[in-house]
Amino acid sequence: MTSAEKNRIKDKLFGYFGLACTLFGIIMLLVFLSDIVMKGWEKVDFDFLTNYSSSRPKKAGIYPALAGTLWILGLTALIAIPIGIAAGIYFEEYAKKSKMANFLEINLANLAGVPSIIYGLLGLQIFVRSLNFGASILAGACTLALLILPIIIVSTREALKAVPDSIRQASYGMGANTWQTIWHQVLPASAGGIITGIILAISRAIGETAPLIVIGAATYITYIPEGPMDKFTVLPMQVYDWIGMPDPEFAKNAAGGIIILLLITFLLNGIAVYLRNRWQKKVKW
Amino acid sequence: MEKLSIKEKKLEAINLNVFYGQKQVLKDVNIAIKANTVTAFIGPSGCGKSTFLRTFNRMNDYVEGFRKEGDIIVDGKDIYQKMIRVEELRKKIGMVFQKPNPFPKSIFENVAYGLKIQGIKNKKLIEETVEKSLKQSALWDEVKDDLKKSALSLSGGQQQRLCIARALALEPSILLMDEPASALDPISTSKIEDLIWELKQKYTIVIVTHNMQQAGRISDNTAFFYMGDLVEYDETKKIFTNPEKERTQNYITGRFG
Ligand SMILES: Nc1ncnc2c1ncn2[C@@H]1O[C@H](COP(=O)(O)OP(=O)(O)OP(=O)(O)O)[C@@H](O)[C@H]1O
Ligand SMILES: [Mg+2]
């Protein structure tokens, strides 16, 4: 056998191996999803969405948890998006080569890898206790905002980096200052990437349970939060609570909760993909 | 070459040395450029033409490790002084880059950008300026029906003419052009050369080119650079027929470089 033939066989084998790995991942996911859907689909109806928690599984719904999740999502986004984008712009457009920026950058990369429960401890100390927010929506949102901030900053930087320097040069050459250049040229050209990063970061925040448990979020809430200082629970915590119940009927509720959680995540990711494709079509170099 | 009085000097470099980090790319360059003339910068690749051109509107400020000694004078003012606002400076010095770099926006928005950042909101004025600039750069007929189209859908040559229109929209008094025709076909090239002839009435133009015939056709004066030195600067006629230095002679006739 010549070495060219050998290489070709190796190439083929690796191709099959990769295919098998991909299929394995997809099949596991499908098995898991179909299991959840089979168990929980019968639960998903209007009542399930609008009922409060109950000790009787047939009557129990996710209304407070869904409302809590939406509250947390909204407030987290409100806090994390402006700070994250501003920090990303600072790093990429203003502080490119200072020592300070370098130092911060290394720490940022580390922050993105810190286990989420550590953020929970941080949030407990700072927001719940020192700032006296209590186990409120605000404390939860601040904690999750901290958690996703590094992701937003990093993805914003990547998006800004993808804008060719010649665009900035052209803008400066016309007498624009740095802010005008960023606002009129760099941000519009990178909006697709930035928005995609934000949405992915937020869809990560939806699933987080550990930091919220640590800051003391309730699992059993009998009212709908009306302001940021109210106590709250979120979908993953409700699901976790139900799974721990002795009555096996609650497992169906848990599956139903997971379905809703997944639907929200898929929806957000779908929007992210849509926006990315739209902007890619508009902006081509 | 005739001596210029202070008033006649539009652009001037005095004992200019430029460094990128440790590397010196311009060595003790002295030049004075007269208003309403076309000056060509020629010389082999890497000799510092673009770098020199970009010192006149301070575009080198963004290059890491850039450092200069000596002075650059525009309209009698040292432009590297602290008092100078670069944004103001660049409004009166238009620049066309070596590679076409339109904004990923519509044709109209590209040309209107300079007015927009100056805070001009008068729609009629903007529309008139866009049309006038596109006509000046000989692009109007090709795009007039489709000003909303993305600038990136234009051909390379059209993009470059768009970049020229964009610079003209600000009505600068100086135009710096870095090989503006290197990506163009002969027809667009000659359009741009005609354009440069016309613009000369109102503008002071400095153009970098690798095309000797082009330099000969359009420029009044020519500066020949070699490895960071300004070897010879004189009337184009003289440079191309009877240069003082042998280096210049060799380069012009294509014996090296
Ligand atoms: N951003 C930079 N950082 C470091 N060195 C640079 C940079 N830009 C240019 N140089 C160096 O400076 C020298 C002059 O470059 P410049 O671009 O001015 O040459 P040029 O005469 O315009 O060449 P060309 O005809 O190829 O455009 C070159 O040796 C180049 O390697
Ligand atoms: Mg060059």
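**View 1. Helix 1 of chain B gives the shell around ligand 1 its largest share, three residues.** The model is predicted: local features need pLDDT of at least 70, side-chain atom pairs count only at pLDDT 80 or more, and totals for chains, interfaces and linings use all residues. Residues are numbered from 1 along each chain as its sequence is written, chains are lettered from A and ligands numbered from 1 in the order in which they are written, and side-chain values use heavy atoms, with hydrogens and water left out. Strand 2 (23-34) and helix 1 (49-55) of chain B each bring at least two residues to this shell. Helices (H or I, at least four residues) and strands (E, at least two) are DSSP runs, numbered from the N terminus.

**View 2. The residues around ligand 1.** There are 14 of them, and B:Lys23, B:Ser45, B:Ser50, B:Thr51 and B:His210 come nearest. A residue is near a molecule or strand if one of its heavy atoms lies within 4 Å of it. The shell divides into four nonpolar, seven polar and three charged residues. Here Ala, Val, Leu, Ile, Met, Phe, Trp, Tyr, Cys and Pro count as nonpolar, Asp, Glu, Lys and Arg as charged, and the others, Gly among them, as polar.

View 3. A side-chain N or O atom of B:Thr51 lies 2.5 Å from a ligand 1 oxygen. For B:His210, a polar side-chain atom is 2.7 Å from an oxygen atom of ligand 1. B:Cys47 approaches through its backbone: an N or O atom there is 3.3 Å from a ligand 1 oxygen. On its own, ligand 1 has 630 Å² of accessible area (Shrake-Rupley method, 1.4 Å probe). The protein covers 66% of that.

**View 4. The interface of chain A and chain B.** Contact (heavy atoms within 4.5 Å) joins 21 residues of chain A to 21 residues of chain B. The two chains bury about 1,900 Å² between them, with 62% of it on carbon and sulfur atoms. Buried area is the accessible area (1.4 Å probe) that two parts lose on being put together, summed over both. In chain A, A:Gln169, A:Met174 and A:Gln185 lose the most area to chain B, together 32% of what that side buries.

**View 5. Polar pairs and helices at the interface.** Five residue pairs, both at pLDDT 80 or more, are in polar contact between chain A and chain B. A polar contact is a pair of N or O atoms within 3.5 Å; within protein, one must be able to donate a hydrogen and the other to accept it, and residues adjacent in sequence count only if both atoms are side-chain atoms. Helix 7 (165-173) and helix 8 (178-207) of chain A are the elements that give two or more residues to the side touching chain B. Helix 7 gives the most, with seven residues.

**View 6. A salt bridge in chain A joins A:Glu42 and A:Lys252 (3.6 Å, N to O).** A salt bridge is a side-chain nitrogen of Lys or Arg within 4 Å of a carboxyl oxygen of Asp or Glu. A:Glu42 sits in the loop between helix 1 (3-40) and helix 2 (46-50), A:Lys252 in helix 11 (residues 249-282), 210 residues apart.
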